[in-house]
Amino acid sequence: MKRSLIWFRNDLRLHDNEALAKASQADEILPVYIFDPRHYGTTSFGFPKTGSHRAKFLLESLDNLKSNLISHNLNLAIRIGKPEEILPDVIEKHGIDLLFAHKEITREEIDVEEKIKQSVGDKLNFVWGSTLFHINDIPFTKNEIPDIFTQFRKKTEKQSEARKELGFRKDVKLIPDVETESLPSLKELGLKATPKDDRAVLNFKGGEDEALKRLEEYFWNQDQLKNYKYTRNGLLGADYSSKFSPWLANGALSPRRIYWEVKRYEEERQSNISTYWMIFELIWRDYFRFSAWKNGDRLFFAPGIQGKDRSWRTDPKDFKKWAEGNTGIPFIDANMRELNATGYMSNRGRQNVASFLAQNLNIDWRMGAEYFESLLLDYDPCSNYGNWAYNSTVGHDPRNRYFNIINQAQKYDKKGEYTRNWLPELEKVPEEFIHEPYKMNPEQQTLYSVEIGKSYPKPMINLEESYEEIKARE
Ligand code: FAD
């Protein structure tokens, strides 16, 4: 009689889950999820490490995982504490022979893995499962991962294949007489629920069932995949992009499921640049993970993987204006207010607010990254810190990259609909002034019911001067 434990981490699904597939080869299994109190502490700059948007999404994901396990006559044991203390204890108490879990590659997670290994030794078996291409199938060793995305993508596309999905043995039994315990509430995690905002692009709900529903909706019912490349820079509404990221981040959705659905779509409907582009973006996601594997802790240091010396500001007042969406630059403020209210922001928005903080304000990019870590529904250390570093000129782009915020606003929110949606105080401001309301004279301000400096802030910096500073920095 063999007994296995599956420790669910960021793989909260039954489909295509190698840890579950392997664990289910035993006679009896015990699925376990552990709330690690360290995830509910504060970041180094003092933000809640897991904010309430993501915590709520996680609780929904676990609730769904538990129900799906129950529908297979299994269950999910919930524990609160440090995995390195809980797992050895459970293993001993229930005579577990093998422990299966997905491998992570960033510092905090590795530290925990090493401590568990010290206690349980060879019982611990890691599998790899968060990327589209398996770590053993990419044409690079760890040190060979290129510093340039295109080099990674081209060789990987040619030489790697996405693996087929893995199922688990359905008649595996649950280890009997194990207390399962119920999920903690947000309050028990030290968090307060944030009110629902009807302006959210999507009513994101955690869990594998919702993830698969979203996939069905976006690809098949709304038939949006065929236009993805041309809509993906949008800002308003559910369907300009897939919105898969929160489910991918906690593993409720497997990237390989997306890949094989793209392939089916290409066969059954059409294959074009947009269908390819969905896979292209998943390769970006893989790239940030494999790059984090190669670069280790440098991902989290101010000089980034480029090791760039630069003096950063950490002014708390300026940072607060950015974080709260009170910079006086409407496009930045609208995006930050969306993030605060919903836990989501478009990719276009993220690039602009990151560029504004790290480049125009010259504030330590890690403050922004930690703020995102706290707020984002789809927070993932590799994609978050990797993208932040990239947009702050210390990551995978050697250029002194920055955005012209007003040009971006005028290009991607031409009429100002997105900006007005999140800044109701600018509701009456016409297209001509929506992205630069500070250019209105007092009569115009009265006419459009806004008073710059009172009902909406004055710009915290002169953008043009800040571009000169950015250029001079290199
Ligand atoms: P789609 O456009 O539909 O893309 C499909 C999938 O491809 C996404 O779900 C995502 O998994 C992947 N993808 C797309 N763009 C990127 C990218 N630039 N980098 C990595 N993967 C990508 N993404 C996260 O998943 N977690 C993060 O913590 C995160 N932090 C970010 C921070 C900054 C400063 C920036 C600029 C980007 C960040 N991104 C992050 C990447 C990207 O913004 C989101 O993945 C995307 O906006 C999610 O929306 P979507 O699922 O509709 O994307």
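Me: Which residues does glutamine 224 touch, not counting those up to four places away in sequence?

Reply: In this predicted model, glutamine 224 touches Tyr218, Phe219 and Asp239. You will find glutamine 224 in the loop between α6 (208-221) and α7 (228-231).

Me: What makes glutamine 224 count as buried?

Reply: Its relative accessibility is 17%.

Me: Thanks! Let's go on to glutamate 113. Where is glutamate 113 found, and why does glutamate 113 count as buried?

Reply: Look in helix α4, residues 107-120. Glutamate 113 has a relative accessibility of 3%; the limit for buried is under 20%, so the label applies to glutamate 113.

Me: How do you know that the side chain of glutamate 113 makes a polar contact with the side chain of lysine 103?

Reply: The two side chains come to 2.4 Å. A polar contact needs a pair of N or O atoms within 3.5 Å, one able to donate a hydrogen and the other to accept it, and the pair of glutamate 113 and lysine 103 is counted as such a contact. The side chain of glutamate 113 also reaches the backbone nitrogen of glutamate 104, at 2.9 Å.

Me: Which residues is glutamate 113 in contact with, leaving aside its neighbours within four places in sequence?

Reply: Those residues are Arg9, His102, Lys103, Glu104, Leu124 and Phe126. For leucine 124, the separation from glutamate 113 is eleven residues in sequence and 9.2 Å in space, C-alpha to C-alpha. Leu124 still belongs on the contact list, because contact is judged by heavy atoms within 4.5 Å.

Me: And glycine 207: what makes glycine 207 buried?

Reply: Glycine 207 has a relative accessible area of 0%. With the cut-off for buried at under 20%, glycine 207 is therefore buried. Its place is in the loop between β6 (173-174) and α6. Leaving aside neighbours within four places in sequence, glycine 207 is in contact with Glu60, Ser61, Asn64, Trp247 and Ala252. Glycine 207 and asparagine 68 are 139 residues apart in sequence, yet 9.8 Å apart in space, C-alpha to C-alpha.

Me: What is the phi of lysine 243, and why is lysine 243 called buried?

Reply: Lysine 243 has a positive phi of about 65°, although it is not a glycine. Most residues other than glycine have a negative phi. Lysine 243 sits in the loop between α7 and α8 (245-249). Its relative accessible area is 1%, and the limit is under 20%, so lysine 243 is buried.

Me: Where is threonine 393 found, and how do you know that threonine 393 counts as buried?

Reply: Threonine 393 is in the loop between α15 and α16 (405-412). At 1% relative accessibility, threonine 393 falls within the buried class, which takes in values under 20%. Threonine 393 is not a glycine, but has a positive phi of about 65°.

Me: Now for some helix pairs. Why are α9 and α10 called roughly antiparallel?

Reply: Helix α9 (residues 255-268) and α10 pack at an angle of about 165°, with axes 10 Å apart. Angles over 145 degrees count as roughly antiparallel, and α9 and α10 are therefore given that description. Their crossing is left-handed. Residues meeting there include Ile258, Tyr259 and Val262 in α9, and Met278, Ile279 and Leu282 in α10. By class, this contact has nine nonpolar, one polar and three charged residues.

Me: What makes α10 and α15 roughly perpendicular?

Reply: The axes of α10 (residues 273-295) and α15 (residues 381-391) come within 9 Å and cross at roughly 90°. The perpendicular range is 65 to 115 degrees, so α10 and α15 qualify as roughly perpendicular. Trp284, Arg285, Phe288, Arg289 and Ala292 in α10 meet Cys382, Ser383, Gly386, Asn387 and Tyr390 in α15. These residues divide into five nonpolar, three polar and two charged.

Me: And why are α11 and α12 called roughly perpendicular?

Reply: Helix α11 (residues 316-324) and helix α12 (residues 330-342) pack at about 75°, with their axes 7 Å apart. That angle lies in the range of 65 to 115 degrees, so α11 and α12 are roughly perpendicular to each other. Trp322, Ala323 and Glu324 in α11 meet Ile332, Met336, Arg337 and Asn340 in α12. Four of the residues in this contact are nonpolar, one is polar and two are charged.

Definitions and conventions: Residues numbered from 1 in each chain as written. Predicted model: local features only at pLDDT ≥ 70, side-chain atom pairs only at ≥ 80, totals over all residues. Heavy atoms only, no water. Axes fitted to C-alpha atoms, helices over the stretch in contact; angles between N-to-C directions. Helix = DSSP H or I, 4+ residues; strand = E, 2+ residues; numbered from the N terminus. Parallel < 35°, antiparallel > 145°, perpendicular 65-115°, else oblique. Nonpolar A, V, L, I, M, F, W, Y, C, P; charged D, E, K, R; others polar. Buried < 20%, exposed > 50% of the residue type's maximum accessible area, 1.4 Å probe, protein only. Left-handed = near helix turned anticlockwise from the far one by under 90°.
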